[in-house]
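Please load the model in a viewer and keep the selection panel at hand.

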Amino acid sequence: MVGVVDARDGAVSPKSTVELYAAIRRDSRVERLSIRELARRHGVHRRVVREALTSPWPEPRKPMPPRPSALDPFKPVVDQILREDLDAPRKQRHTVKRIHERLAAEHGAEGVSYRMVRGYVFDRKPEIWQEAGRGPSQVFIGQSHRPGQEAEVDFAELQVRLRGEPTRCYLFTFRLSFSGRAVHRVFASAGLEAFMEGHVHALSVLGGVPRGQVRYDNLKAAVVKVLEFSRARVENERWLAFRSFYGMDAFYCLPGREGAHEKGGVEGEGGWFRRNHLVPVPDVLSLRELNERVEEFERADLGRRIGQRIRTIGENFAIEAPLLAPLPADRFETGTLLTPRVDRFAQVRVRTVTYSVPVRLIGRQVRVQLHANDLEIFDGRELAAGHERCGVRGGIVLELDHYLEALIRKPGALPGATVLEQARAAGRFTPVHDAWWSAARKAHGDAAGTRALIEVLLLHRHMPHEQLVAGLAAALSVGALTADAVALEARKIADRDESGTEGPASGIGEAGPVVSLTERRLRALPDDTRPLPSVAVYDSLLTHRSAPGPVRREGDSA
């Protein structure tokens, strides 16, 4: 663009060079103006007028000669170093820093800065590799995907604030290549259990299985060994059985960054989903809550258009869904079965993490069904315990309820117990518990007061947590420091909740009707519609009495 002064009105108007040339040629042709007049009218040099009259198309500007650099005398040395690196081991090739150091130490390049060397190496290194036939220009070819045929799978790291603690999790993504429909799931690990459970969830949401290939990285959960100079892989046996069960064909990309473009759709999808839905860092109480949010985000994304596509993701998926292969009738068991033995601390060790079980199982061998986000512990066929899976190596997960039978015999172990600290941190042992416990110990002594608290904790097995805490608060307010009083208050609160009436938190020491436990039990029975019993039919027996016989005296014969 150039600024041209119009001689007729004195205004300055920006014009492109082509427009300027066209205006000069028009004025010369119509008004027959001289070169001097044309230059004055358009505010340019006479040389520009001559160029415009010679050709309507401006000649390209000549490139400015490169500015001399202090690196110029040393560029052949840098080229030689880069050529030597062609045959050097990959981990022992020159870095920019090392090249800069060698230029200064061996060639006296004192005025050459690191920035000069870095810029030159960045431009020159690909050219040298291409000249040697080692690195041809990388070309990407666009692909078209048929509906219902192909999909891509990947894991992406994710930071979450889980119960207030920063926790690293993993975002599983299963993406259909044609429609771009993606299903996501957040797991505590990226192991085999999470890998298979992510597939089960994704296939159930999509309602079918892709008929063609599914593209994967060389994840340790699926691939045991990558065979050199080949696309063949040694796969994990459980993963191979899983693929066979669902009828999926796997395509494994090249290892490392070289193969990332072979499943670029899911690579971009994972980053897009994380940036748009998981920023700022989610703050949740459990991964179940986070996955419920993720499902809401996925439903909202059905109305999104990818790139320049005409249809939305949901519209394309409506075309693709009927073309997927049907799901198997049965469900594949994705959990891993383990059989650890319970130690004397009523704990089992699973994948470097310790979990508690009821104390009655000490010394026995139990079955553990390990899933991606949780695990279940069985004693025979009975479910003995369940925990959310811990992602911290060497972590300890304890449940206070598992130790109550032992603590009622050893109440002195409760104040400093690790399980009590974990219950406080999780919010299951509330400040109301602590206040009631302190009052009970003050009134009954440490041992008796602690046993009373443990009896209260045993009530958690039969009553909701919120009602029992409210019962504790009500009993504490009137100084009722026994488990029976807490149970009574909790039942009153439960009755009020069921009837929908509001009342004071405590009934002890307050005016009001006394609740009979018998009436409370009978209230739950159905109404008795039978008639009341009657003895009227027995009155007829009174009119048919036999007449009295003669009175016999002593001594009379029979």
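A crossing is termed left-handed if the near helix is turned anticlockwise from the far one by less than a right angle, and right-handed if clockwise. Helices (H or I, at least four residues) and strands (E, at least two) are DSSP runs, numbered from the N terminus. This is a predicted model, in which local features need pLDDT of at least 70 and side-chain atom pairs count only at pLDDT 80 or more, while totals for chains, interfaces and linings use all residues. Residues are numbered from 1 along each chain as its sequence is written, and side-chain values use heavy atoms, with hydrogens and water left out.

**First stop: H1 and H2**

Select residues 17–31 (helix H1) and 35–42 (helix H2), whose axes lie 11 Å apart at an angle of about 135°. Axes are lines fitted to C-alpha atoms, for helices over the stretch in contact, and angles run from 0 to 180 degrees between N-to-C directions. H1 is therefore oblique to H2; angles under 35 degrees count as roughly parallel, over 145 as roughly antiparallel, 65 to 115 as roughly perpendicular and the rest as oblique. The crossing of H1 past H2 is right-handed. Display Leu-20, Ala-23, Ile-24, Asp-27, Ser-28 and Glu-31 of H1, which meet Leu-38, Arg-41 and His-42 of H2 (contact: heavy atoms within 4.5 Å).

**Second stop: H4 and H6**

Next select helix H4 (75–84) and helix H6 (114–131), whose axes come within 10 Å and cross at roughly 50°. H4 is thus oblique to H6, and this crossing is right-handed.

On a 1 Å grid over the protein atoms alone, a cavity is a set of points where a 1.4 Å probe fits but cannot get out, and a pocket is an open set with protein on both sides within 12 Å along at least five of seven lines; lining residues have an atom within 4 Å of a point. Select its lining, including Arg-181, His-184, Glu-298 and Asp-301.

**Last stop: the largest pocket**

Centre the view on Arg-163, Arg-389, Cys-390, Gly-391 and Val-392, the closest to its centre among 34 lining residues. Then highlight S4, which gives the most to this lining, with five residues.
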